[in-house]
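Open the model in your viewer and keep the selection tool at hand. The stops below can be taken one after another.

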Amino acid sequence: MLYPVIWQNNSVSLIDQTRLPNEYTVVQIHRSEDMAQAIKTMIVRGAPAIGVAAAYGIYLGSREIEAQNHQEFLEHLEKVADLLRSTRPTAVNLFWAISRMMKTAYETLGTVVEIKQKLWETAQAIHAEDLQTCHAIGEHGLAALPPTPEKLTILTHCNAGALATAGYGTALGVVRSAWNSGRLERVFADETRPRLQGAKLTAWECVQEGIPVTVITDSMAAHCMQRGLIHAVVVGADRIAANGDTANKIGTYSVAIAAKAHHIPFFVAAPLSTVDFSLPDGSKIPIEERHPGEIYQVGDTILTPGAVDFYNPAFDVTPAELITAIITENGVFAPDKLTSFKY
Ligand code: MRU
């Protein structure tokens, strides 16, 4: 099995996802600042994995604080939390995990040493729960897939796999469950411009497990649907508003429109920790804008002429009406029924 975040030797080991698939390297993180940098530079990425990494980031930060006085300790810890919160704006799992860690810090009675111990236990719990959640999403998703044909071709966008979670994946968790139960013919992976998470990471994960995978450019998805090559779409999510509007990697919205036009079911697979019940709809979901170099440069090659402008939003919002169902660890819901699971 593939685990992008591992707690070992009193520190966190991260698979460096910026180097895959050409190099498999592991980065050792001992300090909260380095964890913040790893999230920002996408060494670790994918909403649930970012949440797990941030939880450990809070614990690592707590270890660096020398104050034994509660008030002083919490003030320092708030600074650590602020740093981690400033890394990436869209994936709500980041904020969810940090809030849970901070709640632990505020509510633990005892010495500062005891609070630190409790923070470590909470980070471990967030980590372990995410793995269980992904397996549950895989099982529920398998049951929700179209009954025919017997062997399905599933299209996915970006990487919502083991690399994007504690392990197993959300969208790729459904794919894995389908593969393990003989219901999967193959995966179509959109390359996912500009950072190519589909071509690099989803394809790599599938190859590791012998799951047949076809990589296409993003502009080929509608054509493949029109030709009858795709039976279902399953994607992950970075933030889901209370009405089911879903932010996910840029390009997801176009895939959803194309799926609707071809009467192909479009599923979002995500843990309930990805639902932001404070937002009634997707219009207020903060959308990260990244450096234009992701568009104009591939390796050392500059693709565009000088003196042009760029716009590089990293996510888009798919309206709930384009989503067939949302697959969570607690079951599969029509997007407008999510609120029954507010927690
Ligand atoms: O920018 P990234 O690579 O962090 O974006 C990842 C995605 O958009 C995923 O689809 C999403 O986080 C779900 S991961 C289970």
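Start with helix α3 and helix α5: select His70, Phe73 and Leu77 in α3, and you will find that they meet Val112, Ile115, Lys116 and Leu119 in α5. Contact here means heavy atoms within 4.5 Å. Helices (H or I, at least four residues) and strands (E, at least two) are DSSP runs, numbered from the N terminus. By class, this contact of α3 with α5 has 5 nonpolar, 1 polar and 1 charged residues. Ala, Val, Leu, Ile, Met, Phe, Trp, Tyr, Cys and Pro count as nonpolar, Asp, Glu, Lys and Arg as charged, and the others, Gly among them, as polar.

Before going on, note that this is a predicted model, in which local features need pLDDT of at least 70 and side-chain atom pairs count only at pLDDT 80 or more, while totals for chains, interfaces and linings use all residues. Residues are numbered from 1 along each chain as its sequence is written, and side-chain values use heavy atoms, with hydrogens and water left out.

Now show α3 as residues 70-85 together with α5: the two pack at an angle of about 35°, with their axes 10 Å apart. Axes are lines fitted to C-alpha atoms, for helices over the stretch in contact, and angles run from 0 to 180 degrees between N-to-C directions.

Next, select α5 (residues 112-144) and α6 (residues 171-180), which pack at an angle of about 65° with axes 7 Å apart. Where do they touch? Ile137, Gly138, Glu139, Gly141 and Leu142 in α5 meet Gly173, Val174, Ser177 and Ala178 in α6. This contact has 4 nonpolar, 4 polar and 1 charged residues.

Turn to the ligand. Of the 18 residues around it, Arg45, Arg88, Asp238, Asn248 and Lys249 come nearest; a residue is near if one of its heavy atoms lies within 4 Å. Select Arg45: an N or O atom in its side chain is 2.6 Å from an oxygen atom of the ligand. For Lys249, a side-chain N or O atom is 2.8 Å from a ligand oxygen. At Gly46, a polar backbone atom is 3.0 Å from an oxygen atom of the ligand. The protein covers 99% of the 420 Å² of accessible area that the ligand has on its own (Shrake-Rupley method, 1.4 Å probe).

The last stops are in loops. Select Pro149, in the loop between α5 and β4 (152-156); the peptide bond from Thr148 to Pro149 is cis, with omega near -5°. Pro194 is in the loop between β5 (184-190) and α7 (197-209), and the peptide bond to Pro194 from Arg193 is cis, with omega near 0°.

Finish with Asn10, in the loop between β1 (5-8) and β2 (11-15), where phi is near 65°, a positive value in a residue other than glycine.

Conventions
A polar contact is a pair of N or O atoms within 3.5 Å; within protein, one must be able to donate a hydrogen and the other to accept it, and residues adjacent in sequence count only if both atoms are side-chain atoms.
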